[in-house]
Amino acid sequence: MSVRKIKLTSSEGTEFVVDADVANQSVIMRNMLENCEAHDAVIPLPDVTTPILAKVIEYCTHHRTGAPIPTDDANSVPKKTDNIGKWDTEFCQMDQETLFDLILAADHLDIKPLLDLACATVANMIHNKSPEEIRQTFNILNDFSLAEISKDNERMEQK
Amino acid sequence: MLLSSFLTRRVDPRDKSVSRLFVSWLRHTPVHMRKHFSLNPLLISPHRVFGLRAFNGMHFWSRVCWLHWLGGGPWVGGLQHSFEKESNAKGYMHGQTAIVLCAWTQPPPPSTCQSRWTTYCDFVLARIKKKKKKKNAQATALSTTMALCKRRRLSDAFSSRPQKPNKRTFLSSSHPLAIKPLGNYYFESTNPAFKGSCRTSGLGFIAALSDELILDVIERFLEPRDLCRLAETSRVLYVFAHHDDLWRTWTVNEFRGNFTWSGTWRATYLKTNNPSYEIQENDTPVQVSDFYSDTLYQPFYCASASMEPFMGVENVERRSNLSMAEFVTDYAIPNKPVIITDIVTQWPAFGKWNDTYFLERYGDVRFRAEVVDIELRNYYRYAHNQRDESPLYLFDKKFVRDCPDIADDFEVPEYFREDYFSVLGNERPDYRWLIVGPARSGSTFHKDPNSTSAWNAVITGSKKWIMYPPDTVPPGVFTSEGSWRAAALTMSILDSTFIRLLLGLICFWVSKPNTKDESEVTSPVSLMEWHLNFYKKIHQIQPRPIEAICRAGEVMFVPNGWWHMVVNLEDSIAITQNYVGAHNLLNVLRFLRDKPNQVSGVSDTDGFYIKFREAFQKAYPGFLERIEKEETEKRLTTWERLKDGGSRFSFGFVSDDE
């Protein structure tokens, strides 16, 4: 039985051919494909650049047969960020610009596990860091004036 | 070419509104390029102004063409293929809402361009004012950006002299942290002293994400202590860290109803977590007036907006001295809402129940407030001192059990005493609730559970109701019935707070093509947000909804299956009950049989239909068969008439040619 092949086109026009079950991890693409009966579908993705699309496809290909990650209730306490698998951790080793572009792409394509993974990675870069360390990590400018620093920037007492 | 210069200009990815693009385009396009009118074959005569029109719902390329035409390009009839080669054009129109002046005119001689454009702007603005006065002064319900575009005279935008930003164009209420909506960015940028926004430098690499995404990451993946540290990194992150909705979620999740209310959810969390934390009441927070964000400004805007503009229409019948027979004939059988004015005034509760009385008698009782159980005393501390967009309100089903003697203060009105779910005894679904809430609390559009009918008695305070008949999906509401019409209408109302909801909804909705059961309902969570964005669309859907303000001493009858939305206009106490009577029994049975996954208020939903049917037949032997037979006979008669093609058959619409 031949697996349905989908062509994805990035913003630069580069074509990627993937199997249907890889593309189906994106809810947006899954819905487009359900409504399109053609065997060779082409989905243009003008908002996703080539390197980011390659990363997304790499993730989806690796997770194509994985069991769906149980999604927590939206109102639950902050999600755990310390249970990321080995492959996922290595996958997320990338420069920040790519990481944030990946978050945008995962949000745009509606791939929740990838979005959660990328966001958890960012959260791990913030956890347990001092404000100065956070500034250095993300290249944030400290634009408080002297008067403002003495205002109420309450620190939470350590539990 | 004008179009490509506009479209290839790099647009901030956070710009989600075509109206902002439009204003930006106006500012950056040389005046002489804007003056020409194109020769449109449909032109009729000068000064024939089409008026201000929402861009909503127009095809993407049509919108592009309109802007192009306004800028002086030749009219291309709005055809996509004319612009297909403009590959840069894609992706810039994240079009949500925009205002476009459509003017039909003969092309003016170049020398009179400027004055003519000014004249048209004035003419259009004058017509808008006139229309609005006529219309009952309802809320403009435009996004903040659109409101700013309108108030500022469009002719000013075209003048080559730099204009001082008109103070009237800005919203008068200011955010506690002095942040402003995104629209202000463009108007303030005309000021030579404008210093830009602190967003990029204050977020660093994180600036690539939208404000919504940043809030999502913070809420779902960070802890409060992380947020406190983020607050110290930069002024922008200070603003994010003070976004009260985040702290509300954390407070409710962690402390449930046992929080120590301290004025804001942030202060409440910090105080509850560490009782020795001192709240600096007189200390003004850091003012971040160079940060512009609709996402972060919106809750404050919704919390500050008044319901006054939405209170002008009341079209529900009010009755007193209503006999049982009249009620059944006029309202129960036709399934029509009504307000009955002379019942609650006879209750002991009327004139007795108020916050002071409740506090005295039931201050220690724990009531259900949405997802938490909270002591009434603690709840009032919150309710009387909050500025939430959607305040928590009490909605408690066990009040008769938990509040001694409260049942003596009210009684079920005679019209609603049929209560067939009572045959199930303790296994009956939840059916009565006490509702206590401040202004702005309430519930967005929904249908009552299990297809029951309901009554809602206001003992003190007042509530605004908007109700739609069962087969009309209200604007801004999506259901899994796949209501294409509702979606198409709502597509025309896109704005920055709704577009993500829409995209998400299209996904689940398209992915369930065979589910036509309204099992999933989604709409904007905030009542004020709905009013500001969708109330204006009411007149675009037929029929118009029932609107009413139910005041203290009045009872609203909510027929089964009707969509309804309720907003408290002030601190209110009310009782509501759902019931199954003879006129909706068959509807309820059908609902339980055909939509078992939507049965609510019982622990065991499977087999509930059988259970109820059997219990009912035991309690009222023969009744069910009788009314089912009557219903079948009615349908057969209708079918016979249809088959014969004899006398005129009508589906009930008014037929004016008989």
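Analyst: Happy to! Helices H17(B) and H18(B) are roughly antiparallel to each other, because the angle between them is about 150° and angles over 145 degrees count as roughly antiparallel. Please keep in mind that this is a predicted model. H17 covers residues 355–362 of chain B and H18 covers residues 376–383 of chain B, and their axes lie 9 Å apart.

Who makes the contact? On the H17(B) side the residues are Asp355(B), Phe358(B), Leu359(B) and Tyr362(B), and H18(B) answers with Leu376(B), Arg377(B) and Tyr380(B).

Staying in chain B, another helix is worth a stop. Thr251(B) sits in helix H13, which spans residues 244–255 of chain B. With a relative accessible area of 0%, Thr251(B) is buried, since buried means under 20%. Its side chain reaches the backbone oxygen of Trp247(B) at 2.5 Å. Leaving aside residues up to four places away in sequence, Thr251(B) touches Arg256(B), Phe259(B), Trp265(B), Thr268(B) and Tyr269(B).

Three strands form an open sheet in the order S2-S1-S3 of chain A, with mixed pairing. Strand S2 (15–19) and strand S3 (41–44) of chain A are the edge strands, each pairing on one side only. On average, and ignoring direction, neighbouring strands of this sheet are turned by 25° against each other. Strand S1 (residues 5–9) of chain A runs parallel to S3(A), and four bridges join the two. Within S3(A), Ile43(A) stands opposite Leu8(A).

Two helices pack on this sheet. Helix H2 (residues 27–34) of chain A touches S1 and S3 of chain A, and its direction makes about 140° with that of S3(A). Helix H3 (residues 50–62) of chain A touches S1 and S2 of chain A, and its direction makes about 10° with that of S2(A).

Lys112(A) belongs to helix H6 (residues 112–126) of chain A. Its relative accessibility is 36%, so Lys112(A) counts as partly exposed. The C-alpha atoms of Lys112(A) and Ser26(A) are separated by 8.1 Å, although the two residues are 86 residues apart along the chain.

Terms used:
Residues numbered from 1 in each chain as written. Chains lettered and ligands numbered in written order. Predicted model: local features only at pLDDT ≥ 70, side-chain atom pairs only at ≥ 80, totals over all residues. Heavy atoms only, no water. Buried < 20%, exposed > 50% of the residue type's maximum accessible area, 1.4 Å probe, protein only. Axes fitted to C-alpha atoms, helices over the stretch in contact; angles between N-to-C directions. Parallel < 35°, antiparallel > 145°, perpendicular 65-115°, else oblique. Contact = heavy atoms within 4.5 Å. Polar contact = N/O pair within 3.5 Å; in protein donor to acceptor, adjacent residues only side chain to side chain. Pairing = 2+ DSSP bridges.
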